[in-house]
Amino acid sequence: MIKFKINGQEFSANKGETILDVARREGIYIPTMCYLPKTTANASCRMCCVEVEGQDGFVLSCNTPPVEGIEVKTDSDSLYKERQNIMKMYNVNHPLQCGVCDKSGECDLQNKTLEFSVEEQTFAVRDQARKKKKWGVHTYDPGLCILCEKCTAVCNEVVGSEALYIKPGGYKSEIDINRKNCIECGECISVCPVGAMASTEFKYSSNAWELKQVPSACAHCSSACSLNYESKGDSILRVTNESEFSSLCGAGRFGFDYENKVLNKDEDSFADALQNLKSAKNVIFTSAITNEEAYILNELKKKLGFNLVNDEAKKYQEFMESFASSANTLLYNGTLEDIKKSDYVISVGCSISSDNPMIRFSLAQAVNHNKAYVASVHPVEESSIANLVSLFIKNEVGSEEAALAMIADTFVEDKSNQQDFFDSLDLGYLCGESNISEEELEQLKRGYFRKNNPMLIIGEDVINHPRANNIALIAGYLQKNTSFKVVVIPPVTNTLGVSLICDLDEAQDGLSVGYNVKADYTLSAKGNGDLDMPALNQQEGTFVNIDKNLVVLNSGVEYKGYELNDLASALGVVSENTIDYTHKLGFKDIAFDELDYFYDNIGNEYRGYKIEAKSNRKRPKLDEVEELGEFNGSVVYSKNPIDQFSIFTKDCKQIMEKTDLVGSEQFAMAAKIKSGDKVKFIIDGIEYVRNFQLDRHLKGTIAYNPTFDVDSKSSNYRYNQVKLEVINE
């Protein structure tokens with residue numbers, strides 16, 4: 001701890017903190033233009049300058065650590081004059097078009113021009129002719145750009161795509177883009193302090209002060225990132241976030257227009273829905289649901305006696321039960337923040353680029369800020385994250401159990417309490433059949449040398465593996481017996497919440513009612529069922545996210561039809577509002593309206609609360625690794641493109657990914673098809689008709705098949721051998 005003074009008051013600084021960090025933590029204002037807490041300080045704006053007693057000139061607080069005993073002054077006449085001159089430089093020939101600029105009313109340049117009383121411009125330079133550019137969902141106006149470098153910093157350090165860069169040219173310098181690297185997440189838009197980076201769709205559609213802002217949570221994946229719905233009238237016009245501290249992927253930022261626009265309540269359909277629920281043998285639902293709705297369904301199950309069916313959440317529930325029995329705690333112990341702070345990461349069975357975008361963002365920060373060693377164990381090498389991965393281990397399809405077993409053998413030092421399991425491992429056989437060499441295991445071990453914060457990330461391929469139970473035991477054993485923190489990625493938005501709340505069953509023969517799943521009778525937020533329901537951007541409630549936090553969901557736009565709570569109340573599970581169940585979920589007795597939702601000055605998030613992990617005292621024995629099978633011929637991997645997650649993102653107009661089957665050259669040759677062919681195949685009883693597109697970067701006899709146009713999430717292993725039929729006319 002270092003003690004020093006700011007404006008005459010004594011404070012303590014932790015190792016690694018800068019003067020600006022301490023000032024913000026203590027609520028002391030220092031102006032900035034280019035500073036982003038989630039990226040490395042680039043010191044380009046110089047607005048954060050302060051005075052240090054005994055030192056000539058000014059010191060930049062954003063990248064200067066305090067020294068024992070120094071005295072810092074954050075405000076003085078000379079500092080005010082310096083900052084005023086900096087603002088004059090920023091305003092040199094900056095277009096006075098605030099009336100039509102999207103940033104007007106929320107613009108840092110505008111705010112600080114007023115703050116430092118820049119009332120006139122005493123000098124100028126020759127204006128440069130600079131063309132405006134349209135980059136998909138982004139537009140860039142170099143005439144408005146102040147080259148603060150926030151966009152390039154966040155693109156490189158947080159997203160890890162390395163798409164944006166400064167094109168040098170002195171006074172003519174501007175931002176340029178490598179389009180093939182851009183994943184269109186919009187992070188550059190969110191951090192831009194002026195109107196240079198803007199949303200192509202939102203541009204010129206509204207003034208900032210005309211928008212109603214509602215804080216909520218993204219409903220597309222299990223990160224459930226914080227966001228603000230910004231609406232005018234009965235439509236959401238855009239999504240924003242606390243860009244200094246949080247991030248959003250493209251789906252979260254641009255996939256907001258999926259509300260159900262039902263205009264009234266259909267009483268006949270409501271009565272019909274009640275009758276079908278009374279007669280139902282099964283109620284089938286997805287995990288794109290609030291905790292409160294999951295609780296209501298579970299209470300209806302108790303009252304009406306139907307089977308409550310969610311195969312994907314049940315598979316996760318069973319995986320975590322096995323995991324808990326060997327980890328001796330109910331939940332995995334890692335978070336996204338732990339990944340960001342990690343210096344060593346192994347990912348198994350996870351498509352990092354698309355399964356959960358915040359995993360990718362967190363890895364990018366670990367690599368850029370901590371020089372993290374990242375190893376990806378996966379049958380398909382992902383070229384889009386090649387810049388983040390130190391070691392790619394291409395295991396054979398189906399060999400995830402062997403991979404985890406060999407990782408455990410590599411990193412567990414005291415094997416005495418599972419000696420029989422480790423003695424049973426035939427490493428020569430496992431290496432040969434899994435395609436993981438002893439040299440690669442040795443590389444893993446070397447990369448681990450002198451690392452302090454190791455992480456293990458478990459993905460959906462493992463959760464849905466035929467040997468998931470034993471894999472879960474091995475993963476839990478690793479968490480308990482090594483220094484690795486573990487994250488087991490929930491496959492859908494609220495999979496973790498559903499698995500903790502619901503008593504789930506297998507489906508039986510008889511009438512099935514589907515909640516956002518096509519069934520004999522369907523309750524649908526897509527407006528294509530038998531009774532309309534609200535979409536998640538029209539609801540109040542909560543999710544349990546990947547960090548094991550219960551987070552708040554608020555309604556971004558009005559819904560005018562019936563809700564699940566209306567049906568439940570009519571069937572005897574009575575409550576005035578859905579959110580009246582929040583304190584009954586079994587986690588903490590806290591009412592919905594009492595839940596926090598804010599960030600403090602240094603970026604600590606106060607959003608809901610953390611689910612407490614209960615202890616588990618079981619001591620199961622690990623099973624021997626099963627003999628590995630073979631996947632030959634045409635293998636299709638169920639994987640969505642970036643920014644597509646479900647039937648709700650499918651129709652969002654700014655998310656453009658298609659439902660193509662994308663395969664390698666080897667796959668095309670083995671299947672005897674060519675790019676542009678229309679093909680038909682069956683996976684899990686569902687018939688797919690896809691256009692085939694060749695991707696020369698893909699390696700192996702494999703193809704990606706998207707599933708975002710299917711209303712239910714499969715609980716089966718994501719790799720399938722298929723028979724393709726060409727149906728070209």
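Glutamate 174 sits in strand S9, residues 174–177 (strands are DSSP E runs of at least two residues, helices H or I runs of at least four, both numbered from the N terminus). This is a predicted model, in which local features need pLDDT of at least 70 and side-chain atom pairs count only at pLDDT 80 or more, while totals for chains, interfaces and linings use all residues. Residues are numbered from 1 along each chain as its sequence is written, and side-chain values use heavy atoms, with hydrogens and water left out.

Glutamate 174 counts as buried because its relative accessibility is 12% (buried means under 20% relative accessible area, exposed over 50%, and partly exposed in between, with a 1.4 Å probe and protein chains only). Its side chain makes a polar contact with the side chain of lysine 133 at 2.6 Å. Such a contact is a pair of N or O atoms within 3.5 Å; within protein, one must be able to donate a hydrogen and the other to accept it, and residues adjacent in sequence count only if both atoms are side-chain atoms. Leaving out residues up to four places away in sequence, glutamate 174 touches Arg130, Lys133, Tyr140, Pro142, Leu147, Tyr165, Ile166 and Lys167 (contact means heavy atoms within 4.5 Å).

## Two glutamates with positive phi

Glutamate 162 lies between helix H4 (150–159) and strand S8 (164–167), and has a phi near 55 degrees, a positive value in a residue other than glycine. With 41% relative accessibility, glutamate 162 counts as partly exposed.

Glutamate 184 is in the loop between S9 and helix H5 (187–191). Its phi is near 50 degrees, again positive in a residue other than glycine, and its 23% relative accessibility makes glutamate 184 partly exposed.

## Nonpolar cores

In soluble globular proteins, nonpolar side chains tend to be buried together. Here the largest nonpolar core has 152 residues, and Tyr332, Ile346, Leu444, Val488 and Leu567 have the most contacts inside it. A core of this kind is a set of buried Ala, Val, Leu, Ile, Met, Phe, Trp, Tyr and Cys residues joined through side-chain atoms within 4.5 Å. Apart from this core lies another, of 32 residues, including Val118, Ala163, Ile175 and Cys188.

## A helix pair

Helix H9 (residues 311–327) and helix H17 (residues 468–481) have axes that come within 7 Å and cross at roughly 40 degrees. Axes are lines fitted to C-alpha atoms, for helices over the stretch in contact, and angles run from 0 to 180 degrees between N-to-C directions. Residues making the contact include Phe319 and Phe323 of H9 and Ile471, Leu473 and Tyr477 of H17.

## The three-stranded sheet

Three strands form an open, antiparallel sheet in the order S24-S25-S28 (two strands pair if DSSP finds at least two bridges between them). Strands S24 (541–544) and S28 (609–610) are the edges; each has a single partner strand, so one side of each is left without a neighbour in the sheet. Helix H8 (residues 291–304) packs on this sheet, touching S24 and S25, and its direction makes about 95 degrees with that of S24.

S24 pairs with strand S25 (residues 549–553) over four bridges, and threonine 542 stands opposite valine 552 in S25.

## The five-stranded sheet

Another open sheet has five strands in the order S2-S1-S5-S3-S4, with mixed pairing. Its edge strands, S2 and S4 (59–60), each pair on one side only. S1 (residues 2–6) and S2 (residues 9–13) are antiparallel over five bridges, and isoleucine 6 stands opposite glutamine 9. They form a hairpin with two residues between them, where asparagine 7 has a positive phi of about 55 degrees.

S1 runs parallel to strand S5 (residues 71–73), joined by two bridges, with lysine 5 opposite glutamate 71. Helix H2 (residues 77–90) lies across S3 and S5, at about 155 degrees to S3.
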